[in-house]
Amino acid sequence: MSGHQYFDDSSSAPSSPELQSTGSSSSLSSLQSTASPISPPLDNAVADSFVFAFDIDGVLVRGGKAIPEAIEAMKVLDGQNEYGVAIPHIFLTNGGGKTEEERCRDLSKQLERDIKVGQFICGHTPMREMAETYGTVLVIGGEGEKCRQVAEGYGFKDVVTPGDIIKHDAATTPFRKLTEQEHANSRERDFSDVTIDAVFVFADSRDWAGDIQIMLDVAMSKGGRLGTRSETFDEGPPFYFSHNDVVWSAAHEHVRLGMGALRRMFEVTFKDITGGQGKLNTHAFGKPQVSTFEFASRLMTQWRSTEHGLAAPPSTVYFVGDTPESDIRGTNAVNEKADNDWYSILVKTGVYQEGTEPAYKPRVTVTNVLDAVNHGLHREMKKKGMSGLKQAMLKTTDVTDNARSILDEECGILV
C-alpha cells in the first residue's frame, strides 16, 4: 500500500487497538487541500512557543450546542487575555460524515467565530491519502449521500453505498426498505461484475443491522465480489473505520454508543458466523492512534506558517479532550515519541465523569475548556517569566552555586 497510513491494524478479535506511528513528520503533501489563504495579521502578539488542539464533542460542543465556556475560551485564544497574546490552535475530532467545509461552517456558527478548513481535522480526513490506493470502495455511515460526496471529494474514483446494494437487491436487508428519496439517490448498477476493493466507515451508521449485514456479506465474499462466499472466510477486502470510540458525549445525560461499538459488533458477529475460522482485516484511524496526532502536527505546522508566519515548531502542544481512552491516551502516547511536549488536559464536560478514575491519566484535569486554555496560558507565561528571571540573574557575577541550583529547580517545576 502506498502513501502514509493513519490507522491501527487489528485481527478479527474485538481487541483494543495498538497505537501506531508512521514514523514520518515532514511530509505536508496530504495537507495542501486544507490550506487556507493568509489572513490579515492580528493586532495582538502571537504565541510562538505553544499551541492548542481541541477535541470538539464534549469539549466545545454538546448536543449540537456550544458549551458556554467554549465561546469565552475562543476569545482568550484570539488575544482577549491579560497578556494580549493570540494563540494558534486547531481542532481534531473523531466525528465525521460531512465535508471539512461543512463541519467548519457548523462549528463557526456554534462558537460564533470563523473556523477555517486549514485548522480542522475530521476522523476521516487522513483517509484522503488512500484515494489512489483503491478502485471501488464501499462507504458506510452518515446521513443520505454525504459520505459518498466526501469520499468523491477526496478523490476516490468509484464509491458504492449500502443504498446502491439494496437498490440492486432489496432482499439484502430484510428489515430495511429504502425510502423514496433513498431509492432515487442510490445508483443503479449490476453488482455481478463489481469488486469491492475496500470498505470505509466514514461516520456513525444510521442503520446498524443493515450496514453490518452488508459488511458481513463483503467480508465473507471471495475477494469483495458480492453474492459469492469464500470457503475459508479470509478473502475479504480490508475494512477501515474513521475512529474507534465505543462511546461519545451527545445531548443525552449519559454517553451514547459510537463507531467503536459498531466495529466490535461486526467483528464478534463475523467470528460467530465463521466459527472462529475466518480472518478480518480491520483498521482504525482517528484518536488515539499516534499517526493521527502526527497528521495533526503537520496540519498545525502548515497552519502556523500560513496564518501566523511562524516557522519553528512549538515547544508545547496542549491537547484538550473529554475522553481518557482516546484523547488522553493518544496525547500521552505521541508525547513519548515527539520531540516537543504534548500536554494532555482532561475536561469534565463530556465522557469523563468526575469522581471516576480515568484509565489514562492526563497531566491535569480541569472543569471546562476555558479553564484548560487559561491553565495552559498561565503555565506558559510563568515559564517565560522564570526563564527571563534566570537569564537576568545569571548575568550577574555574584550568583552562588546554591542560587543557580534554586533557579534551575524553579524553572523546572512546571508539570
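**Exercise 1. Which residues of E17 point one way, and which the other way?**

Step 1: Find the strand, E17 (residues 341–347); strands here are DSSP runs of at least two residues, helices runs (H or I) of at least four, both numbered from the N terminus. Residues count from 1 along each chain as its sequence is written.

Step 2: Sort the side chains. Asp341, Tyr343, Ile345 and Val347 point one way, and Trp342, Ser344 and Leu346 the other.

Step 3: Check the cover. Buried means under 20% relative accessible area, exposed over 50%, and partly exposed in between (1.4 Å probe, protein chains only). In E17, 7 of the 7 residues are buried, so the strand is largely enclosed by the rest of the structure.

A quick note: this is a predicted model, where local features need pLDDT of at least 70, side-chain atom pairs count only at pLDDT 80 or more, and totals for chains, interfaces and linings use all residues, while side-chain values use heavy atoms, without hydrogens and water.

**Exercise 2. Which strands pair with E17 in the parallel sense?**

Step 1: Know the test: two strands pair if DSSP finds at least two bridges between them.

Step 2: Take strand E16 (residues 316–321), which pairs with E17 in the parallel sense over 6 bridges. Val317 has Trp342 in E17 as its bridge partner.

Step 3: Now take strand E18 (residues 364–366), which pairs with E17 in the parallel sense over 3 bridges. Here Val347 has Val366 in E18 as its bridge partner.
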